[in-house]
Amino acid sequence: SSSSSSSSSSCETMRRSQGVVVRASSSSSSDENTNSGRAIRTKFLNFYEKKNHAILPSSSLVPEDPTVLLTIAGMLQFKPIFMGQKEREVKSATTSQKCVRTNDIENVGVTARHHTFFEMLGNFSFGDYFKKEACAWAWELSVKELGIDKERIWVSVFETDEEAFAIWRDEVGVPEARILRMGAEDNFWAAGPTGPCGPCSELYYDFKPELGVEGVKDLNDDSRFVEFYNLVFMELSRDADGKTTPLKNKNIDTGMGLERVAQILQKKPNNYETDLMMPIIEKACAMAELKYDECDEKQKRMLKVAADHIRAVTYLISDGVFPSNVGRGYIVRRLIRRVVRSGKLLGMKEEGDSKTFTSAIAKVAIELSTECDPNVMKRSEKIYAELEREELGFKKTLANGENLLADIIARAKKDKNGVTGAEAFLLYDTYGFPLDITTDVAEDNNVEVDVEGFETEMEKARNLARAAAKTVDVTTGDALARVADDLNNDEHSAFIGYDSLFSRESKVLAIVNPKTGEMLERAREGDEVDVVLSQTPFYAESGGQIADVGVMVIEDSNTEVHVLDVQKAAGGRIISHRVRVESGEIVAKTSVLETKVDKDSRRRAKANHTATHLLQSALKQVMGDDVSQAGSLVSFDRLRFDFNSSRGPKPNELDEIEALVNEWIFDSTNLEVAEMPIADAKAKGATMMFGEKYGDVVRVVDVPNVSMELCGGTHVSNTSEICGFKILSESGIASGIRRIEAVAGPAVIDLVNSNAQVVNTLTKSLKIKPEEIPDRVKSMQKDLLEQQKLAEKLRGELAVAKASSLKSLAESHPSAQTQVLVAKMDEFVAPDALKVACESLLKSLGPDALVLLASASDDNTKVAIVCAAGDDAVKKGLNAGKICGATAKACGGGGGGKPNFAQAGGRDASNLAEALAAAKANAFETLN
């Protein structure tokens with residue numbers, strides 16, 4: 001690695017193909033603070049660069065390893081090298097890796113050192129140096145470079161690692177009394193049940209050296225010790241039987257927590273009060289008009305949560321993880337919601353014209369990020385937009401659910417039985433309240449939540465969803481995997497469909513019963529089976545493009561087979577054709593078929609697929625380069641394109657996108673398709689779908705000067721073959737994900753013809769000209785609205801008339817003299833009409849009265865409830881909102897309102913009679 005400039009006091013950045021490399025330069029003595037987080041990072045990287053380590057970039061928080069949700073350790077990007085799956089490019093390396101862990105989220109702000117986001121400094125050897133050098137350099141770095149007091153450093157070793165013990169004692173010079181042997185739980189690392197493994201050695205800092213060394217049996221006392229440097233000696237390989245053998249190439253994997261070392265060197269009581277996080281906390285304090293030193297422990301905990309989580313979400317969003325309800329996206333959403341709730345409880349106020357406060361504290365986190373990841377600053381506008389959208393959305397959720405949660409907490413305190421699982425699930429399912437928010441609020445009020453009961457309710461919901469879904473039979477997949485194994489050394493499943501829609505000699509290699517997975521010798525007329533061929537022109541469903549359809553025949557026979565679907569099977573090793581034998585028969589390992597792809601269907605699919613590539617380029621050009629594909633569907637009649645974006649395109653932007661695509665179509669540009677190494681494709685700037693896994697050799701589809709993507713689908717040869725492009729709709733399908741549906745090619749002609757037919761039908765029916773249709777529709781809508789208002793008024797009057805007969809059912813409380821009327825209408829009355837009737841009855845009964853009316857549909861699946869209380873009745877303690885809400889809940893619903901008036905609904909009227917009796921009893925009990 002090249003040496004760094006000693007005269008520069010800042011970090012220079014080098015761009016490499018895999019990301020941004022932070023090149024640390026030597027800290028000069030004029031540094032304002034040699035113990036700053038920045039200085040510690042610089043010293044670490046400089047130290048190891050001088051030891052011939054290549055400074056490599058931090059990898060993304062979205063790891064390439066599909067078994068891990070987020071990057072949780074510095075070694076993750078090197079795992080393929082350690083596992084022997086990839087050749088090393090350098091002998092040794094050093095990094096400052098951004099990491100996110102959420103398994104201990106409940107401890108954030110509670111302990112001194114737990115975080116969701118943190119930086120892990122690391123040095124790694126790939127068969128270069130080993131234990132002796134690793135220990136010596138770790139000590140030299142810690143004591144001489146960073147200036148940590150050597151008398152406060154303790155060392156742990158694996159209980160049987162005599163070599164490490166001797167190195168620390170005899171060569172490094174650590175007193176034997178401060179070297180502890182510890183068990184496998186603390187000091188042995190393994191990549192998994194099998195594979196590379198080895199002992200660890202850890203460096204701990206002693207906050208209380210005055211307690212001495214006598215009686216210390218382990219280093220797990222968090223109030224006294226903190227682990228700040230972990231060295232993993234990867235020297236063994238474990239087999240399936242648990243037996244370990246020495247590795248030929250021994251490796252080193254280390255990790256030093258930047259935040260922990262900053263706490264040590266800056267002499268702070270916790271990581272949060274270091275210069276890596278304190279500026280964020282100070283900003284949050286200012287927005288809440290608080291002084292950190294004057295805050296109580298609860299307030300400090302919420303400030304730490306806000307600071308920690310805002311760091312995590314800024315880096316996650318920068319790396320392309322947007323809030324959603326699944327996977328990584330849910331982690332981002334959960335963290336933002338915890339920030340919003342903490343800020344709300346602290347009283348954080350928005351600045352200026354802003355409607356949110358998260359962006360303001362995120363700004364500080366982004367300013368602090370430049371040394372760790374310069375890309376965060378470049379993507380700041382996207383981060384602010386996501387935070388604002390998510391905060392505004394969650395504030396609505398909080399407002400809707402907080403009243404109900406307050407009632408539930410009050411009830412739980414009164415009954416002393418906690419928040420039930422059903423109540424927690426109602427908050428989650430109906431109001432979008434995450435369980436951890438409910439548990440946080442409950443904990444603040446010393447109320448327990450039945451988490452097990454909540455999980456039971458969740459499982460019920462999942463079972464309902466599973467019952468509604470199609471059953472997936474895996475027997476065919478197993479059988480096709482066996483077919484692939486049997487054909488391993490034979491030529492099979494060669495796809496020739498890029499160049500031809502026809503094959504004269506496709507031999508039937510295998511026939512499988514799709515229901516049982518049974519291998520068949522033959523298939524006869526009427527049979528529907530899966531067939532594997534020696535070669536095929538049929539495109540298997542992949543990359544969003546649906547499968548080809550067509551026919552197979554045997555020359556000079558009556559055999560005709562229709563191709564219904566085509567799928568890749570056995571991990572892509574074979575292509576399976578779902579077919580129906582229309583006549584004749586086919587025989588495994590004997591029949592040779594002529595295969596013909598339906599020409600019109602393929603032409604439509606090609607046009608739609610190339611159009612999706614043009615659409616993505618147009619979206620990026622109009623809405624910004626941060627737009628990225630989130631999914632697609634290419635069928636014969638239309639295309640669908642999902643993309644990540646915090647906002648939908650404006651109408652004029654949609655027009656511009658559509659015009660751009662059509663302009664490129666009419667440019668009549670020849671496509672260029674080539675296979676090349678993935679490194680070459682990256683160097684050319686080819687677009688790759690986020691999260692997709694690619695091989696070493698990829699297929700690149702290039703529309704010169706417009707679009708270049710990695711794609712295995714079928715495409716037109718020239719853009720003019722698409723003919724035209726028309727957007728049908730644009731909508732949001734999930735948080736941060738938009739969808740455009742469109743047509744291209746022959747489907748555009750189909751659309752024009754269909755629309756013309758509609759227009760012709762309307763002009764004939766309404767006896768008007770085509771251009772007069774919009775005005776006539778507006779006039780008809782106006783007439784319909786007036787009729788609906790009249791009908792609503794009549795329904796209200798009818799309901800009042802029916803309800804007037806119920807007035808005699810009102811009962812007067814013996815002592816309070818308040819009139820209470822709880823009744824069910826004879827037939828279902830819509831909520832609006834029921835409201836009019838309820839208010840009319842209350843008016844006739846006077847201000848010292850409460851009226852609750854309910855109605856149910858004939859099938860008992862819909863319940864409407866309205867409750868109103870006069871001012872005098874409210875003063876006596878009656879609350880329409882609570883009474884109405886409890887009644888609705890008993891009927892499988894929810895709702896509520898204010899003390900004077902409330903509306904609610906339910907889904908089950910079978911309990912309505914009991915619920916009304918309970919409401920009446922509740923009202924009388926309140927008045928007692």
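# Phe117 and the buried interior

Q: Is Phe117 buried or exposed?
A: In this predicted model, Phe117 has a relative accessibility of 0% and therefore counts as buried.

Q: What cut-off is behind that?
A: A residue is called buried when its relative accessible area is under 20%.

Q: How many aromatic pairs are there?
A: The count comes to 17 aromatic pairs. One of them joins Phe82 and Phe126 in a tilted arrangement, at 5.5 Å centre to centre and with 50 degrees between the planes.

Q: Where do Phe82 and Phe126 sit in the chain?
A: Phe82 belongs to helix 2 (residues 79-82) and Phe126 to strand 5 (residues 117-126), so this pair links distant parts of the chain, 44 residues apart. Phe82 is buried, with a relative accessible area of 5%, and Phe126 is buried as well, at 4%.

Q: Back to Phe117, then. Why is its pair with Tyr315 called stacked?
A: The ring centres of Phe117 and Tyr315 lie 4.2 Å apart and the planes meet at 15 degrees, so the pair is stacked. This pair also links distant parts of the chain, from Phe117 in strand 5 to Tyr315 in helix 8, 198 residues apart. Tyr315, with 3% relative accessibility, counts as buried.

Q: Which residues form one aromatic cluster?
A: Phe44, Phe47, Tyr48 and Tyr229 form one such cluster.

Q: And which charged residue lies over the face of Phe322?
A: Lys382 does, at 4.8 Å from the ring centre. Elsewhere, the charged end of Arg699 sits over the ring of Tyr498, 3.7 Å from the centre of that ring.

Q: Changing topic: which residues have the most contacts inside the largest nonpolar core?
A: They are Trp168, Phe228, Tyr229, Met256 and Ile310, in a core of 113 residues. Helix 8 (residues 297-318) supplies the largest share of this core, with eleven residues.

Q: What does Ile310 touch, beyond residues up to four places away in sequence?
A: Ile310 touches Ile280, Val339, Thr358, Ile361, Ala362, Ala365 and Leu387. There is also a second, separate core of 29 residues, which includes Leu619, Val661, Phe725 and Ala742.

Q: Let me ask about strand 6. Why is it described as largely enclosed?
A: Strand 6 (residues 153-158) has six of its six residues buried, so the rest of the structure largely encloses it.

Q: Which way do its side chains point from strand 6?
A: Ile153, Val155 and Val157 point one way, while Trp154, Ser156 and Phe158 point the other way; all are buried. In general, side chains in a regular strand alternate between the two faces of the sheet.

Q: In what sense do strand 6 and strand 9 pair?
A: Strand 6 and strand 9 (residues 195-206) are antiparallel and share five bridges. Within this pairing, Ser156 stands opposite Glu202 in strand 9.

Q: And how many bridges join strand 6 to strand 7?
A: Four bridges join strand 6 to strand 7 (residues 179-182), and these two strands run parallel. Here Val155 stands opposite Ile179 in strand 7.

Q: Now helix 6: why does it count as largely enclosed?
A: Eight of the nine residues of helix 6 (residues 258-266) are buried, so this helix is largely enclosed by the rest of the structure. Among the buried residues are Leu258, Glu259, Gln263 and Gln266.

Q: What do the buried residues of helix 6 pack against?
A: They pack against helix 1 (37-50), strand 5, strand 9, strand 10 (225-238), strand 11 (244-257) and helix 8. Just after helix 6, Lys267 takes a positive phi of about 55 degrees.

Q: Where is Leu487 found?
A: Leu487 is in the loop between helix 16 (475-486) and strand 12 (494-495). With 6% relative accessibility, Leu487 counts as buried. Apart from neighbours within four places in sequence, Leu487 is in contact with His492, Leu509 and Val532.

Q: Finally, how many helices and strands does the protein chain have?
A: The protein chain has 25 helices and 35 strands. Of its 928 residues, 49% count as buried. The C-alpha trace spans about 100 × 95 × 55 Å along its principal axes.

Note on methods: Residues are numbered from 1 along each chain as its sequence is written. This is a predicted model: local features need pLDDT of at least 70, side-chain atom pairs count only at pLDDT 80 or more; totals for chains, interfaces and linings use all residues. Side-chain values use heavy atoms; hydrogens and water are left out. Buried means under 20% relative accessible area, exposed over 50%, partly exposed in between (1.4 Å probe, protein chains only). Two strands pair if DSSP finds at least two bridges between them. A nonpolar core is a set of buried Ala, Val, Leu, Ile, Met, Phe, Trp, Tyr and Cys residues joined through side-chain atoms within 4.5 Å. Contact means heavy atoms within 4.5 Å. Rings of Phe, Tyr and Trp (its six-membered ring) pair if their centres lie within 6.5 Å; planes under 30 degrees apart count as stacked, over 60 as edge-to-face and the rest as tilted. A charge sits over a ring if NZ of Lys or CZ of Arg is within 6 Å of the ring centre and within 35 degrees of the ring normal.
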